[in-house]
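Here are some notes for a first look. Please read them with the model open beside you.

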Amino acid sequence: MTKTLIANADTILTMDGARAELHGADILIEDGVIAAVGRGLSRLDCELHDATGTIVTPGLVNTHHHLYQTLTRAVPGAQDALLFGWLQRLYPIWARFGPEEMFVSAQIGLAELALSGCTMTSDHLYLFPNGARLDDTIAAAAEVGLRFHPTRGAMSIGESQGGLPPDTLVEDESAILNDCIRVIDAFHDPAPGAMVRVGVAPCSPFSVTTDLMREAALLARDKAVMLHTHLAENDEDVAYSLAKFGCRPGQYAEDLGWTGDDVWHAHCVKLNTAEIDLFAKSRTGVAHCPCSNCRLGSGIAPVRAMVDAGVPVGLGVDGSASNDSSNLIGEARQTMLLQRVQSGADAMSARNALELATRGGAEVLGRDDCGQIAVGKRADIAIWDAQVIENAGSWDPAALVLSGPSKVRDLFVEGRQVVADGQLKTIDLERTIQRQNTLARRLSE
């Protein structure tokens with residue numbers, strides 16, 4: 001039995017049922033699971049990890065990403081565009097990707113997440129040019145060491161049929177469904193503590209047919225996996241739904257079986273009160289992506305209203321072509337700030353935002369075994385150095401979202417140390433960055 005003791009943490013923000021905050025306490029890990037939490041735990045037969053001078057939280061959970069987009073940051077012509085124009089600028093570039101681009105860009109995005117305290121992430125991959133497969137990103141996650149929820153996305157309506165993507169990026173719908181079955185059968189693990197769980201994720205209501213949305217929901221439920229897509233992201237999105245389907249996005253989702261506790265939607269910036277009530281009653285989850293929403297001018301999602309109504313809400317960094325980075329603790333801060341801009345300085349506290357980034361995200365992804373520091377939960381743990389300059393003079397170091405730090409000191413996933421002293425342990429990051437930049441230059445030329 002492998003035993004690790006994280007000892008003498010200044011503060012542990014457990015995010016357990018009581019939201020307990022412990023001081024001068026320890027965490028015992030046995031075979032990837034939290035075995036005990038408290039003061040003065042026995043150090044016999046343990047690998048000791050000194051947490052003096054630190055704040056310890058559950059590992060952060062990222063509920064929405066497009067990892068491949070780390071290869072297309074700050075692309076001219078896309079930097080100042082709204083969503084639909086942004087997509088049309090980038091689609092032809094993404095069409096030149098292949099398996100190596102998918103693998104390397106995923107490694108970079110996953111490494112960024114790890115260094116910002118993230119232990120579990122979803123990914124929404126919806127284009128598969130030149131032989132690329134979901135398998136490429138799953139392989140990258142296995143090397144980096146994060147808990148991974150890849151979703152098999154898809155686009156089926158190309159420009160010739162009135163859609164946004166070029167025809168070269170869309171797929172036949174029967175082939176899409178067959179590949180969903182393949183990757184679920186090959187990789188999905190429903191067991192507690194699973195490192196990989198696969199979801200089904202048509203890209204958006206404006207890039208696939210109504211038939212595919214309906215069939216995808218039936219397939220996912222037959223396979224007992226989760227469903228994910230983009231919904232109500234901006235005014236263009238809502239206008240498209242009204243013009244094409246004769247209803248708002250929330251009604252469209254409900255009509256096609258896209259509500260329930262096995263569904264989560266990205267963005268939901270433009271949900272109205274009726275849609276929020278629908279999501280709350282059906283326990284439909286939301287991945288809130290504040291930095292991307294700001295970058296694309298989409299608006300401020302009504303997160304406070306969602307949470308108050310009982311909608312499960314987690315945080316997402318979204319792709320790096322619209323967010324520029326994959327810093328999840330930064331998303332928590334941005335979430336707090338935007339809700340205060342919208343509803344007042346008391347609308348969201350630092351602890352509220354951190355809860356969305358931990359146990360909130362775990363709930364959205366259907367992981368009741370993660371997101372908390374409590375006995376029996378998986379040992380996904382972030383350790384933050386409270387002695388850094390950002391935190392100097394802080395009266396409440398536990399208000400991590402207010403005063404930093406913004407980079408994790410140590411990170412454990414399933415009890416395995418992935419980050420040590422601010423450095424990624426699992427891959428050669430310098431070499432991976434060099435390869436990423438070479439691939440980006442090739443694409444730009």
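1. A term first. A polar contact is a pair of N or O atoms within 3.5 Å; within protein, one atom must be able to donate a hydrogen and the other to accept it. Keep in mind that this is a predicted model.

2. Start with Asn323. The side chains of Asn323 and Glu331 are joined by a polar contact of 2.7 Å. The Asn323 side chain also reaches the backbone oxygen of Ser325, at 3.1 Å.

3. Where does Asn323 sit? Its place is in the loop between β13 (313–315) and α11 (328–343). Is Asn323 buried or exposed? Its relative accessibility is 8%, so Asn323 counts as buried; the cut-off for buried is under 20%. Leaving aside residues up to four places away in sequence, Asn323 touches Cys291, Val317, Asp318 and Glu331.

4. Next, strand β8. This strand covers residues 147–154. How many of its residues are buried? Eight of the eight are, so β8 is largely enclosed by the rest of the structure. Look at its two faces. Arg147, His149, Thr151 and Gly153 point one way. Phe148, Pro150, Arg152 and Ala154 point the other way. All are buried, Arg147 and Arg152 included.

5. Now the pairing with β7. Strand β7 (residues 118–125) runs parallel to β8, and six bridges link the pair. Leu125 is found opposite Arg152 of β8. Together, β7, helix α3 (residues 134–144) and β8 form a right-handed β-α-β unit.

6. β8 has another partner. Strand β9 (residues 199–202) is parallel to β8 and joined to it by four bridges. Here Thr151 stands opposite Gly199 of β9. The chain passes from β8 through helix α4 (residues 173–187) to β9, and this β-α-β crossover is right-handed too.

7. Then the nonpolar interior. In soluble globular proteins, nonpolar side chains tend to be buried together. In this model, the largest nonpolar core has 114 residues. Which members touch the most others? They are Trp86, Leu87, Trp94, Leu110, Tyr126, Trp258 and Met306. Apart from this core lies another, of 14 residues, among them Ala9, Ala25, Ile27 and Ile381.

8. Finally, zoom in on Trp86. Which residues does Trp86 touch, not counting those up to four places away in sequence? The list is Gln69, Ala78, Ala81, Trp94, Leu296, Ala321 and Ser322.

Note on methods: Residues are numbered from 1 along each chain as its sequence is written. This is a predicted model: local features need pLDDT of at least 70, side-chain atom pairs count only at pLDDT 80 or more; totals for chains, interfaces and linings use all residues. Side-chain values use heavy atoms; hydrogens and water are left out. A nonpolar core is a set of buried Ala, Val, Leu, Ile, Met, Phe, Trp, Tyr and Cys residues joined through side-chain atoms within 4.5 Å. Buried means under 20% relative accessible area, exposed over 50%, partly exposed in between (1.4 Å probe, protein chains only). Contact means heavy atoms within 4.5 Å. Helices (H or I, at least four residues) and strands (E, at least two) are DSSP runs, numbered from the N terminus. Two strands pair if DSSP finds at least two bridges between them. A crossover is right-handed if, with the strands pointing away from the viewer, the path from the first strand over the helix to the second runs clockwise.
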